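Dear colleague,

Please find below the structure for your review, as a predicted model. A summary of the findings follows it.

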Amino acid sequence: MVTFLYILFGFISIIAILALTFAAFSFPFKSYLLEISIIAVILSVVSYVDRFMVLSLKPYDTAIQYILCILLFRYLLKVRLIESQTVVSIGFLYYAGVQYIVIPLLFASGIVSENDPLTFDHIGIYIIELITQFICFLISFLLYKFNLGHSHISAPPQDLYIHKNFTKLRILTLISNSLSMIIICSIVYWFLLNYSNALYIILPSVAAAILALTFLSYLEDYSRKKV
């Protein structure tokens with residue numbers, strides 16, 4: 001039962017991350033339901049293997065999912081590698097930001113205990129996931145509804161043989177992507193290593209990365225409109 005629930009909630013979480021990703025960059029979500037479902041199945045199964053079958057990979061689960069998602073965007077959805085990293089980073093960061101706001105609020109309310117996020121046989125972890133997923137889907141809907149997504153990255157499939165020039169703005173974006181990758185890849189590591197203080201490390205880091213990537217994306221949108 002734990003296996004079924006973990007893969008099911010993992011599948012829904014990846015769908016929520018991809019909904020955020022597509023909404024944040026105005027990609028047509030409904031046009032890629034098959035590809036999105038394939039990505040969600042692959043990542044949820046890989047996550048289960050990381051956490052339950054190859055326990056040494058547990059601290060690196062988020063990093064593995066993140067890198068694999070970038071590769072799937074590149075080879076399945078046909079999005080250029082740099083753009084893949086940018087859009088996937090936004091989706092993962094948004095989801096992490098929502099989740100690590102939800103967790104302390106649920107702790108404070110007494111709805112879940114501090115042990116719940118570390119185990120998969122308590123109802124608390126599923127409450128955390130459900131609330132996080134609902135909020136992420138709501139944010140995605142609002143981004144779509146009010147057309148708030150960025151426009152500087154074209155929707156898939158892209159022409160993979162066209163390469164953009166490396167302007168100062170794109171170099172800054174690459175640097176922000178690299179920092180975002182470090183933050184995303186270290187989330188579970190910090191959570192497991194230093195659980196009591198992890199929220200105070202993760203949330204400011206995620207918030208700073210979101211602000212940096214969002215600001216640079218708006219600058220990219222503005223520079224594209226001027227051309």
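The largest nonpolar core in this predicted model has 53 residues. Within that core, the most contacts are made by Phe22, Ile39, Cys69, Phe73, Val88, Leu93 and Val206. Two or more core residues come from each of α1 (2–24), α2 (33–53), α3 (61–75), α4 (81–109), α5 (123–145), α6 (168–193) and α7 (195–226). The largest share, 14 residues, is that of α4.

Setting aside residues up to four places away in sequence, Leu93 touches Ser180, Ile183, Ile184, Val206, Ala209, Ile210 and Leu213. Another core, of 6 residues, lies apart from the largest one; Phe9, Tyr48, Ile125 and Tyr126 are among its members.

The geometry of α1 was also examined. With 23 residues at 1.5 Å a residue, α1 should span 33 Å. The C-alpha atoms at its ends are 32 Å apart, which agrees with that expectation. Just after α1, Ser26 adopts a positive phi of about 55°.

Cys136 is in no disulfide, and the nearest cysteine sulfur, that of Cys69, is 14 Å away; a disulfide requires the two sulfur atoms to be within 2.5 Å. Cys136 is buried, with a relative accessible area of 0%. Cys69 is likewise buried, at a relative accessible area of 2%, and is listed among the residues with the most contacts inside the largest core.

Yours sincerely

Notes: Residues numbered from 1 in each chain as written. Predicted model: local features only at pLDDT ≥ 70, side-chain atom pairs only at ≥ 80, totals over all residues. Heavy atoms only, no water. Core = buried A, V, L, I, M, F, W, Y, C linked by side-chain atoms within 4.5 Å. Buried < 20%, exposed > 50% of the residue type's maximum accessible area, 1.4 Å probe, protein only. Helix = DSSP H or I, 4+ residues; strand = E, 2+ residues; numbered from the N terminus. Contact = heavy atoms within 4.5 Å. Expected span 1.5 Å × (residues − 1).
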